[in-house]
Amino acid sequence: MLAPSPLQPLTHPLAHAAGVRLYCKRDDLYAFDAGSPLQGNKVRKLWPYLSDPASLRGRRVVSFGGAFSNHLAALATAGLRFGFATRFIVRGEPVSNPVLDYLRAAGSELHFVSRSEYRRRHDEDYLRGLAIDTSDILIPEGGSTTASLGAVGKPFTETVDQLGEVPTYFCLSAGTGCTAAGIVDAASDYGSEIEVYPALKGDWMLGEIAAWLERPSEDILVRMIYDYTYGGYAKFPPHWRLNTPDGCLAKRADIGIAGLPPLEPVYTAKLFAGVMDRIAKGVYAPGSTLVILHTGGIY
Ligand SMILES: *Cc1c(COP(=O)(O)O)cnc(C)c1O
């Protein structure tokens, strides 16, 4: 078991003016090795596998992702660390970018497919056609599995322990909604208000969360915030783009929160920008405690 990630108090003029106590749950620091691409919610999501690394040794893990996938970078790193091979089905053209170059350097076998072929990634016939060996371990896109729901909910219970009280609000980003489902489930006995900020356009994310939890959407206690997708997945304002040093995997956004490293723009910068905007709009009652989950991310 890794140690709980830190809970960091943030001082920000907007939070101060609104009378809101603001914290960041630093899951970007949740890692086996500091600074490694195997970090953040991808470690939590892969926990069912990583908790028993001996079962992976010498095997081959097959998984799926886009050309900038944090999940694939995390898995390739895990393969090197724990001694298993990786084969990835990647959506798109065989281009060069920092993440794909990293995967190549890590020795991952990359299999590029069109968007329409990628859509078949849950189809049994298709998976058989990929000639995946019976001893291969198949991990779904994003590492999202029902087996990881317990582990991905841990940042909430760790926060309650670290804070010594239940936060009024707990805010996080969503891609597949698996992490959000784990958090909602973990929080169900506590009475925090969970705010979920999807990184993708559309209003379907509540349905995804409900599906993970196998419950009707009406029974899910969560507030969905659909206003901060900035045009859709991996789209974001150009002024968020920071220059990053050569060889760095990351693209970073500086959205002006002191005390935090620049954020990755696909998930966390949207979340933080959204929460800060809502603080400025007076959404949160004075005296409330607000925790933002930094899920990490390397792109
Ligand atoms: C993958 C990822 C997410 C999305 O997690 P889901 O469980 O798919 O919703 C959020 N934040 C970061 C930094 C990620 O890498």
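The protein chain has eleven helices and twelve strands. Keep in mind that this is a predicted model.

Overall dimensions next. The C-alpha trace of the protein chain spans about 60 × 45 × 35 Å along its principal axes. For 299 residues, a compact globule would have a radius of gyration near 19 Å, and the protein chain has 19 Å, so the two agree.

The space that the ligand takes is the largest pocket. Which elements give two or more residues to the shell around the ligand? Those are α2, residues 41–45, and α9, residues 178–187. The largest share comes from α2, with three residues.

There are 15 residues around the ligand, and the ones that come nearest are Lys 42, Gly 175, Thr 176, Thr 179 and Thr 295. By residue class, the shell divides into three nonpolar, nine polar and three charged.

On to individual contacts with ligand oxygen atoms. Lys 42 places a polar side-chain atom 2.7 Å from an oxygen atom of the ligand. For Asn 70, a polar side-chain atom also lies 2.7 Å from a ligand oxygen. Gly 175 is on the list too, but through its backbone: an N or O atom there lies 2.7 Å from an oxygen atom of the ligand.

How much of the ligand's accessible area does the protein cover? On its own the ligand has 390 Å² of accessible area, and the protein covers 97% of that.

Key. Residues numbered from 1 in each chain as written. Predicted model: local features only at pLDDT ≥ 70, side-chain atom pairs only at ≥ 80, totals over all residues. Heavy atoms only, no water. Near = heavy atom within 4 Å. Polar contact = N/O pair within 3.5 Å; in protein donor to acceptor, adjacent residues only side chain to side chain. Areas by Shrake-Rupley, 256 points an atom, 1.4 Å probe, with all protein chains shown as cover. 1 Å grid on protein atoms, 1.4 Å probe; cavity = no way out; pocket = protein on both sides within 12 Å on 5 of 7 lines; lining within 4 Å. Sits in = over half its atoms within 2 Å of the grid points. Helix = DSSP H or I, 4+ residues; strand = E, 2+ residues; numbered from the N terminus. Nonpolar A, V, L, I, M, F, W, Y, C, P; charged D, E, K, R; others polar. Rg over C-alpha atoms; globule rule 2.2 N^0.38 Å.
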